[in-house]
Amino acid sequence: MSQSISSPKAEQVVSVDVSQAKALLQSGHQYLDVRTQEEFKRGHCQATKIVNIPYMVNTPQGRGKNQDFLEQVSSLLNPADDILVGCQSGARSLNATTELLAAGYKKVRNVGGGYMAWVDHSFPINKEEPSAN
């Protein structure tokens, strides 16, 4: 395989902290939560425009990369959109952001610290846990 094609590296990814992310979400940025659906349902940051597309999925062999990730993102988000990518702690979202940049998304940013940092700052969250009744 030829190495002449340059691909975005992690250092090209712009990361914002959760305080910046909260302000950007309030100004209309999209939030792409790349955690599993189970994690998302347990709690996610409160955002007007939020979508959940897992970057990693559970398979019989363990957790593996979602092979349809880019296709699923492109069906819901435009490469010209302002997008914040978040996960639980910031690792999966960094990989997802790097991949989106490589795919031509120009205005994607990683949310450093992810959902755990969001909760640590006591920012508003939504939960979709089924009620006990």
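Predicted model: local features only at pLDDT ≥ 70, side-chain atom pairs only at ≥ 80, totals over all residues.

Numbering runs from 1 along each chain as its sequence is written, and side-chain values use heavy atoms, with hydrogens and water left out.

**Sheet.** I looked up the strands β2 (residues 30-33) and β7, which pair in the parallel sense over four bridges. Strands here are DSSP E runs of at least two residues, helices are H or I runs of at least four, both numbered from the N terminus, and two strands pair if DSSP finds at least two bridges between them. The open sheet has five strands in the order β1-β8-β7-β2-β4, with parallel pairing. β1 (15-16) and β4 (50-52) each have a single partner strand, so one side of each has no neighbour in the sheet.

**Helices.** Which strands does α4 lie across? I find β2, β7 and β8 (108-111), with α4 running at about 175° to β8. Axes are lines fitted to C-alpha atoms, for helices over the stretch in contact, and angles run from 0 to 180 degrees between N-to-C directions. Next, α3 (residues 69-76) and α4 (residues 91-102): their axes come within 11 Å and cross at roughly 70°. That makes α3 roughly perpendicular to α4 (the class covers 65 to 115 degrees). On the α3 side I listed Phe-69, Leu-70 and Val-73, which meet Ala-96, Glu-99 and Leu-100 in α4 (contact means heavy atoms within 4.5 Å).

**Cores.** The largest nonpolar core has 15 residues, and Leu-32, Val-34, Phe-69, Val-73, Ile-83, Val-85 and Leu-100 touch the most other members. A core is a set of buried Ala, Val, Leu, Ile, Met, Phe, Trp, Tyr and Cys residues joined through side-chain atoms within 4.5 Å; buried means under 20% relative accessible area, exposed over 50%, partly exposed in between, with a 1.4 Å probe and protein chains only. Leu-32 again: not counting residues up to four places away in sequence, its contacts include Val-51, Ile-53, Phe-69 and Leu-100. I also logged a second, separate core of 13 residues, with Ala-21, Tyr-31, Ala-47 and Phe-123 among them.

Ser-122 has a positive phi of about 60° although it is not a glycine. Ser-122 is in the loop between α5 (114-120) and β9 (125-126), and counts as exposed at 65% relative accessibility.

Notes. Parallel < 35°, antiparallel > 145°, perpendicular 65-115°, else oblique.
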